[in-house]
Amino acid sequence: MAQNTVEKTPVTLLGLGAMGTALARTWLAAGHPLTVWNRTPARATALAAEGARVADTAVEAVAANTLIVVCLLDDTSVDEVLTGTDLADKDLVNLTTSTPAQARARAEWARERGARYLDGGIMAVPPMIGVPEAGGYAFYSGSRKLFEQHEETLSVPAGTTYVGEDAGFAALHDVALLSAMYGMFAGAAHAFALIRKEDIDPATLAPLLADWLVAMAPAVHQTADQLRSGDYTKGVVSSLAMQVTGAPTLLSTAEHQGVSPELLSPYFELMRRRLAEGSGDEDLTGVIDLLVH
């Protein structure tokens with residue numbers, strides 16, 4: 001009786017930190033032949049028991065397969081690990097967190113060594129890897145042809161979102177989303193600080209805060225529409241002038257609660273600067289133009 005099996009793409013994975021180990025386990029569970037290497041060999045022991053081939057050196061690991069996935073600490077680590085390896089005719093996928101400039105430079109570096117290149121930015125934490133319902137995914141940029149060739153394999157650990165031929169775009173999207181996330185965390189930190197000395201259980205504020213942030217999140221679509229059209233007054237519900245007028249109440253409340261305004265003040269200052277340009281009827285979108293040099 002013939003077996004109806006599909007041969008899975010072999011993968012070499014360099015780097016077995018928390019994220020790398022999570023990636024490795026999902027490829028192994030999906031039946032992909034996997035070769036791994038890590039600077040600290042002990043981290044590969046458990047994966048060897050699960051079926052991974054452990055290479056003694058990065059050179060050996062790179063030689064083992066065509067598809068090479070790198071998930072290391074930083075761009076400098078990528079240099080250190082791949083120096084001396086033969087990348088000719090290899091498909092190099094770099095999931096190491098980097099800046100757009102570093103990603104573009106790495107793409108050229110790979111090309112000069114005869115490799116095809118994809119850069120990636122993982123929008124997930126290790127527990128989300130291999131759990132589709134968790135919603136984790138990775139941005140990819142660089143060669144579209146290369147992405148399409150390996151999309152099935154790359155989508156095993158997490159969803160995939162291709163964002164363009166420019167190798168720096170995955171890192172740029174990654175940093176843009178993370179920057180927005182930290183802005184949200186900053187606002188939440190200020191909110192919790194306001195009630196810190198009061199007889200209010202933070203656990204009662206948390207669901208209210210979460211629901212409010214979810215309700216406000218769709219505003220990003222209006223911001224994008226205004227940026228595309230150049231009309232910052234389009235669809236305005238609460239004008240810049242109105243919001244600048246209301247800002248002192250927030251700052252005064254912080255002062256009375258003994259809370260530093262340092263997380264909010266810079267944004268309010270940008271709002272005031274924009275208003276000084278005579279754009280009181282527009283939305284907050286004009287603040288973006290003040291940020292761009």
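E50 is partly exposed, with a relative accessible area of 39%. In this predicted model, the side chain of E50 forms a salt bridge with that of R25, at an N to O distance of 2.8 Å. The two residues are 25 positions apart and connect distant parts of the chain, E50 lying in the loop between α2 (45-49) and β3 and R25 in helix α1. R25 is likewise partly exposed, at 36% relative accessibility.

In total, 13 salt bridges were counted. A further one joins the side chains of R39 and E80, with N and O 3.6 Å apart. Here too distant parts of the chain are linked: R39 is placed in the loop between β2 and α2, E80 belongs to helix α4 (residues 75-82), and 41 residues separate the two. R39 has a relative accessible area of 52% and is classed as exposed, because the exposed class comprises values over 50%.

An α-helix has 3.6 residues a turn, so residues three or four places apart point the same way. E269 is partly exposed, with a relative accessible area of 37%, and R272 is also partly exposed, with a value of 38%. Salt bridges also link D75, D79 and R106 in a network.

The strands were examined next. An open sheet is formed by 8 strands, in the order β3-β2-β1-β4-β5-β6-β7-β8, with mixed pairing. Its edges are β3 (53-54) and β8 (159-162), each of which pairs on one side only. Strand β4 (residues 67-70) is joined by 4 bridges to β5 (residues 91-94), and these two strands run parallel. Strands β1 and β4 also run parallel and are joined by 4 bridges. L67 takes part in the pairing on both sides: its bridge partner in β5 is D91, while V11 stands opposite L67 in β4.

Both faces of β4 are covered, with L67 and V69 buried on one side and I68 and V70 buried on the other. Helix α1 (residues 18-29), which contains R25, lies across β4 as well as β1 (11-14), β2 (34-37) and β6 (116-123). The helix runs at about 165° to β1.

N65 is located in the loop between α3 (58-64) and β4. With a relative accessible area of 11%, N65 is buried, since burial is assigned under 20%. Leaving aside residues up to four places away in sequence, N65 touches P10, V11, T12, T35 and K90. Two of these residues also take part in polar contacts with the N65 side chain. The side chain of N65 reaches the backbone oxygen of V11 at 3.3 Å, and a polar contact of 3.4 Å is made with the side chain of T35. V11 is also the residue opposite L67 in the pairing of β1 with β4. The C-alpha atoms of N65 and L13 are 9.7 Å apart in space, although 52 residues separate the two in sequence.

S98 is placed in the loop between β5 and α5 (100-112). With residues up to four places away in sequence not counted, the contacts of S98 are with A103, D119 and A171.

Helix α8 (residues 202-216) has 15 residues. The distance from its first C-alpha to its last is 21 Å, close to the 21 Å expected at 1.5 Å a residue. The N-terminal end of α8 is capped by D201, a side-chain oxygen of which lies 2.9 Å from the backbone nitrogen of A203.

Technical notes:
Residues numbered from 1 in each chain as written. Predicted model: local features only at pLDDT ≥ 70, side-chain atom pairs only at ≥ 80, totals over all residues. Heavy atoms only, no water. Pairing = 2+ DSSP bridges. Contact = heavy atoms within 4.5 Å. Axes fitted to C-alpha atoms, helices over the stretch in contact; angles between N-to-C directions. Expected span 1.5 Å × (residues − 1). Polar contact = N/O pair within 3.5 Å; in protein donor to acceptor, adjacent residues only side chain to side chain. Salt bridge = Lys/Arg side-chain N within 4 Å of Asp/Glu carboxyl O. Buried < 20%, exposed > 50% of the residue type's maximum accessible area, 1.4 Å probe, protein only.
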